[in-house]
Structure formats: C-alpha cells, structure tokens
Amino acid sequence: MDWCRSSAPTWTDTAPAPAVSHPCHPPPPIRVKRSCPSCGPEPGGEEKKRRGKPTSVQLFPPELVDHIISFLPVRDVVSLGQTCHYLHEVCDSEGVWRRMCHRLSPRLRKQGSGVRPWKRAAILNYTKGLYFQAFGGRRRCLSKTVAPVLAHGYHRFLPTKDHIFILDYTGTLFFLKNALVSSTLGQIQWKRACRYVLLCRGAKDFASDPRGDTVYRKYLYVLATREQPEVVGTTHSQSCDCVEVYLQSNGQRVFKMTFHHSMSFKQIVLVGQETQRALLLLTEEGKIYSLAVNETQLDQPRSYTVQLALRKVSRCLPHLRVACMASNQSSTLYITDQGGVYFEVHTPGVYRDLFGTLQAFDPTDQQMPLALSLPAKVLFCALGYNHLGLVDEFGRIFMQGNNRYGQLGTGDKMDRGEPTQVPLCACSLCSTRECLYVLSSHDIEHHPAYRDLPASRVAGTPEPSLGAGAAQDPGGAVARACEQYLSQIHSCPTLQDRVEKMKEVVGWMPLMAAQKDFFWEALDMLQRAAGGVGQGPPTPDS
C-alpha cells in the first residue's frame, strides 16, 4: 500500500516519532494549537475575545434601564426585582412605576396617596377585576366582567337587581348598567356591550337593602363629602358629609340629606324594613348615630328635617370605640377597635336561631347590645339573616346561628348557640340568589391583617402547667408592662383619675370582651359609690 512505503518522512531527535498505525485503522488526527508560531494566530481571535467578555447591566445608563423595564408587565417587573440587589432598586423606583401606571391607565395623571403612590396605583389597576359564577345552568365557569377604564382599582362593589355598583380607591362610584342578562339556556351571562356611568365622586361608603335577595334593593344610599356654598359672613366654603339616595334602576338621585360640618362619618349601613328603615352612621371617633327613613316616601318631592340620635351602644358604653359594623333586616353587629363584638337582635325568632334560647331577650329593649365572648381579637364579620361569621386576628373563622341547611360549614346540620371555629380560610366574597362574585384588587399599603397563632393555641399542643411561669411570660414582658401600668396609676393625683387610668389599662390589656366589660362595669360602680370621696391628693394609707 502507498502509506507504508519506504519514502516516509524522517524524524529528528527533538520530537519523538509517532507510532505507526495499524493497517486496519486510519492515522489519528494531528491537533495543532491556533497560537503556535508556525500556524499564526487565529483570524479574528481578539475580536472574539472582546465579544465573549460578559457585559454587566450596571454599565447601562440608569435612564435607559428604567425605560426598558417600564415596558414589562407588572408580574415580570416584580419577578425581575427579586434577582439581585441592583435590579431590586431599579424595579422598585417610582420612575418605573410611574411609566407603567401611565401605560396601564393613560387617563390617570395624578398620583395617589401613600408612601409609594405610583407603585400602589399601578398594582391596583393591574390586579383589579370582578369575576362571577352563575348558580343556575349546566355550565360552571368563572367569567370576568367589563371593567370601567376610569376606575382606580376596586375598593367595594354591590350587586343589585339589574346592575352593579363599583367604588374605586379615589372615591368614585361607577354604575354598570344592564350588566347581567339571561341566555337561551337560562344561564346568567355578562353583557359584552355593557355601559358604565360615573354616578358620583367623593363617595366614602354606600349601602342598600341588607337582605340577600337583590329584588329588594330598590335604592342606593351613598355617603359622600360635598363642598357647600359660602355662608354669609365667611370667605371660604365648607365641606360637609351628606347621604344621597339614588334609584338603582336608572341611577337618578331622589333624595339628599346634609349634616353639619362638625360631624364626619366613615361608614353607613341599613337595618329594618322599608317602612321602618333605620340608617346607621359611624363617625370617625367610633360613635354611632341613627335616623329613621321611610323608603315609601322618598320619591315624593318634599323637604323636611330629620333628627340624628345617638345609638344605645354608644350611650350605654361610651368608652367603646366602634371600628366597623354590619347589619341585616333584623339585627346589627359592632366590632370595636380592641376586637370586641357586640350584637343587637330585634326579633325573637332570630335571637333563638343565634343563641338557642330566649332567656335574655328583652322585647321592650331591642337595641341593648349583647357582648359575644371570643378568645381573640376580631377583625372582620359577615351577618346573615339568622347566622353570622367572624374572622379573628389569626385568620380563623367562627360561625354561629342556624345551621339547618349546613350553611355554617361545620360538616353537620346542628345549630350553634356560640361562636364555633370552622376549618376554612378567610377570603372576600359576595353572593346573591343568582351569582357568586369575587372581587380582586391588591393594595400594597394594606398590611397583612393576620398574625401567627401562638404555639399554646395550636390544636394538639399541650397547655402549659400553672407552675411554668417562665413559659407563659417569656422574658418577663408582661410583668414589666404591669409594673408600668401600676406606676402610671400611682402617679394620678385623685381617685377619679386613677379609675379613668385603670379603664384605659383594661382596654390595653389582651383580655376577652366579656372580661373587659366586667372590669369596666365594676370600675364604674366603684367610681359612682365613691362619689366625691378621694378628690384630694392620695394619702399613704389609700
């Protein structure tokens, strides 16, 4: 063969001769380095080396990085900000969120409130949505409604017989007309050609008939702030709270009542039937006022004066500061700022369904508030016709009342005369006879309301013994707080001041609502019994 002839090249001593390949195998390939002097450098090697060097995003101008990131979706910007510290600072800047907010809501030119106004506005408008699922028909699909473009997030909503009202975070109330229609299969559908109307601005809260059946929701009561014209003798106008009543069928305003500028309200609820409607208003100071309204006379064009009266829960318990309230056609529920729950029941049948007995029911004093005993602070509540639901600070749900149809979620049909915990997680829903509604709108300024459940309250954890004082008070924090309370009480000059300071201390202490009521009532009795005694400075024997 040609490859084994004697004319093969000779080899010098400087390099070993390669092994002769077997006739059946081809010779191995010879690998030569590109940088060897005999072959010369690789063409374009320097360019490739410079091109292969990684370039950091930190070398880009910050304005260019902000401009590029502002075109990403909100979900991607949040994910990108979790990659490194530099991108976290860039993605968290207000300049990026301002551009994204203008892209999501072109008509929103004024920044909102809060520490991060543009980021809050962008996330509110990105996450806003109203979904519904019809109970009738064969299909069980979740549909999304038509969203008003002008709405700055969704704060609250209320479905009526034919329409839906939506309140955004700027106090603008929208009226979605002819939203739900029935299909040929009998299923409720969202009308694609839906029209929405801006009903009013400056709204704080709104309410309608408290019954779950939307047929009864004929009127819409809106609590709003309005600028009043200049009064004779003054040079500026004053803003006053008012209640405006609208027809839900066409959005026409039929009634308006204006309050004094010194009174500021934050929540409105209705209780009672149409002819004996009671309108409850919650002030910023936690007091509750009520006035009577006859809905059958609202469509008559006339002017009259109504009298605001302080509700009995605020008259009998003046130390209580109500944070929120809920109502139905025959009862009202109040939640204080300390997490206590007080209940008004106006009919004996509902009282029997809720508590299982009529022993403490007084038909002559139906507004007397009843304290519910709960082991933790209550944050939210929901009130049905003859049952109620409470959510405490640990996210646990407690149900009470009639359970004939299993509506309490306990797994049986036994009534509950006291709050009973159910194994569910808390969420925000609203339902009518036709549909189940789900409202979504995330607010970054709203901090998590729940906290972790202590180990001593977790199911299955053994209770600590009475002798384990260190385990019950780790670090002695409770003992130090009690010492500070005693020193504050001792520094008060008179007995009346000491009693008032003791009432404040009881409100601060983590006690049950019934225990707080007991201490407050006992202190009131001692204060009344003392009378004028103890007005001077304290003596060593006191």
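**Close-up views of a predicted model**

**View 1. Val-378 has Asp-392 in E22 as its bridge partner.** Strands, labelled E, are DSSP runs of at least two residues, while helices, labelled H, are DSSP runs (H or I) of at least four residues, and both are numbered from the N terminus. This is a predicted model, in which local features need pLDDT of at least 70 and side-chain atom pairs count only at pLDDT 80 or more, whereas totals for chains, interfaces and linings use all residues. Residues are numbered from 1 along each chain as its sequence is written, and side-chain values use heavy atoms, with hydrogens and water left out. E21 and E22 run antiparallel and are joined by five bridges, where two strands count as paired if DSSP finds at least two bridges between them. These two strands form a hairpin, with three residues between them.

**View 2. E22 also pairs with strand E23 (residues 397–401), in the antiparallel sense and through five bridges.** Gly-389 stands opposite Met-399 in E23. E22 and E23 form a hairpin with four residues between them, and Gly-395 in the turn has a positive phi of about 80°. Strand E22 (residues 387–392) has five buried residues out of six, so the rest of the structure largely encloses this strand; here buried means under 20% relative accessible area, exposed means over 50%, and partly exposed lies in between (1.4 Å probe, protein chains only).

**View 3. Ser-373 sits in the loop between strand E20 (370–372) and strand E21 (378–383).** With a relative accessible area of 41%, Ser-373 is partly exposed. Although Ser-373 and Gln-515 are 142 residues apart along the chain, their C-alpha atoms are separated by 8.7 Å.

**View 4. An open sheet of four antiparallel strands has the order E9-E10-E11-E12.** From one strand to the next the twist averages 25°, an angle between N-to-C directions of lines fitted to C-alpha atoms, on a scale from 0 to 180 degrees. Within this sheet, E10 and E11 pair in the antiparallel sense over ten bridges, and the bridge partner of Val-222 in E11 is Glu-244.

**View 5. Tyr-221, Val-243 and Leu-279 touch the most other members of the largest nonpolar core, which has 19 residues.** The elements that give two or more residues to this core are strand E10 (219–228), strand E11 (238–247), strand E12 (253–258), strand E13 (265–271), strand E14 (277–283) and strand E15 (288–293). A nonpolar core is a set of buried Ala, Val, Leu, Ile, Met, Phe, Trp, Tyr and Cys residues joined through side-chain atoms within 4.5 Å. Leaving aside neighbours within four places in sequence, the residues in contact with Tyr-221 (heavy atoms within 4.5 Å) include Phe-206, Val-243, Leu-270, Leu-279 and Leu-298. A second, separate core has 18 residues, among them Ile-335, Phe-343, Val-350 and Leu-372.

**View 6. Lys-204 and Asp-241 form a salt bridge, with their closest N and O atoms 3.0 Å apart.** Lys-204 belongs to strand E9 (residues 203–207) and Asp-241 to strand E11, so the pair ties together parts that are 37 residues apart in sequence. Lys-204 is partly exposed at 29% relative accessibility, whereas Asp-241 is buried at 4%. A salt bridge is a side-chain nitrogen of Lys or Arg within 4 Å of a carboxyl oxygen of Asp or Glu, and a search of the whole structure finds 14 of them.

**View 7. Arg-277 and Asp-209 meet through their side chains in a salt bridge of 2.7 Å, N to O.** This pair links distant parts of the chain, 68 residues apart, with Arg-277 in strand E14 and Asp-209 in the loop between E9 and E10. Both partners are buried, Arg-277 with a relative accessible area of 1% and Asp-209 with one of 4%.

**View 8. The buried residues of helix H5 (residues 94–104) are Val-96, Trp-97, Met-100 and Cys-101.** Seen down the axis of H5, these residues fall within an arc of 130°, so they line one face of the helix; the arc is that of the directions from the helix axis to the C-beta atoms. The buried residues of H5 pack against helix H2 (62–69), helix H3 (74–80), helix H4 (85–91) and helix H6 (117–127).
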